[in-house]
Amino acid sequence: MTGETTVRKAETIPIAESNDVVRVRQQVRVLALEVGFSLVDQTKVVTAASELGRNTLEHGHGGHAEISIIDNGVKRGIKMSFRDNGPGIADIALAMTDGYTSGKGMGLGLSGSKRLMNEFELTSEVGVGTTVTVARWK
Amino acid sequence: MERIPILRIGTFLLVTIQVDMHDQLALTLQEDLTSMIARVSAGGVLIDISSLEIVDSFIGRTLANIASMARVLDATTVVVGMQPAVAITLVELGMSLPGIRTALNVESGMQYLRDTLADREDEDDWRDYSPQG
């Protein structure tokens with residue numbers, strides 16, 4: 001049986017412009033290296049961070065990313081939360097559909113990052129905001 | 001303003017993306033390339049992405065847009081040097097970049113552009129030599 005998940009290292013990065021998404025990617029890369037992810041897994045985690053960070057900026061009108069190294073006693077991983085106080089998502093199932101987009105994107109941000117990560121959780125309230133939390137274990 | 005340089009070699013345009021591109025920079029590149037293709041009547045565009053550590057859906061879409069716009073302007077685009085980890089991630093993300101011609105490195109990409117251009121010139125030659133009534 002695995003123990004409780006502990007957070008080893010956490011940092012918060014504000015997302016207000018497209019350069020901030022680049023900063024999130026770079027910080028996620030640093031943490032992914034520290035966890036010891038393979039190059040392919042680093043690339044997956046950083047790509048997911050880019051997709052979700054862009055969502056926070058474009059759909060949530062900005063917010064912040066909280067990235068951390070997690071440890072459950074057996075293995076380590078990386079956890080990322082993206083929060084915004086934007087308009088929220090009315091139909092989550094629709095938003096999770098491959099190819100569905102409310103903006104100018106490809107509609108792969110949510111569904112694609114879910115595929116790239118091991119854990120995915122989305123909570124959203126119309127008029128309040130959206131939080132997407134994802135994790136990948138090594 | 002921050003820009004990615006475009007080199008012109010004969011009838012080809014060459015772009016090497018060496019920075020971690022934010023979205024606006026990708027859009028600027030798309031505009032710059034499209035207007036330059038038209039201005040210099042470029043026959044081919046080579047985009048080297050070997051330094052890119054990730055290609056997400058936005059960058060992927062920008063590359064696809066560049067290729068489509070170039071095609072409409074009578075130019076061929078080839079994207080070269082994608083890292084294997086990037087390719088794996090891109091496909092898992094759900095993007096297979098349909099309509100984009102790729103090559104493993106700059107050399108084979110240039111060869112592809114030269115061959116495409118040569119084929120087109122052959123077709124033009126046929127048209128020139130067609131019987132005149």
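Reader: Why is the pairing of R23(A) with D20(A) called a salt bridge?

Author: A salt bridge needs a side-chain nitrogen of Lys or Arg within 4 Å of a carboxyl oxygen of Asp or Glu. In this predicted model, the closest N and O atoms of R23(A) and D20(A) are 2.7 Å apart, so the pair qualifies. A word on the ground rules: this is a predicted model, where local features need pLDDT of at least 70, side-chain atom pairs count only at pLDDT 80 or more, and totals for chains, interfaces and linings use all residues. Residues are numbered from 1 along each chain as its sequence is written, chains are lettered from A and ligands numbered from 1 in the order in which they are written, and side-chain values use heavy atoms, leaving out hydrogens and water.

Reader: What makes D20(A) buried?

Author: Buried means under 20% relative accessible area, exposed over 50%, and partly exposed in between (1.4 Å probe, protein chains only). D20(A) has 7%, so it is buried. R23(A), with 42%, is therefore partly exposed.

Reader: Why is S113(A) called buried?

Author: Its relative accessible area is 0%, so S113(A) is buried. S113(A) is also in contact (heavy atoms within 4.5 Å) with residues including A48(A) and L93(B).

Conventions
Lists of a residue's contacts leave out its neighbours within four places in sequence.
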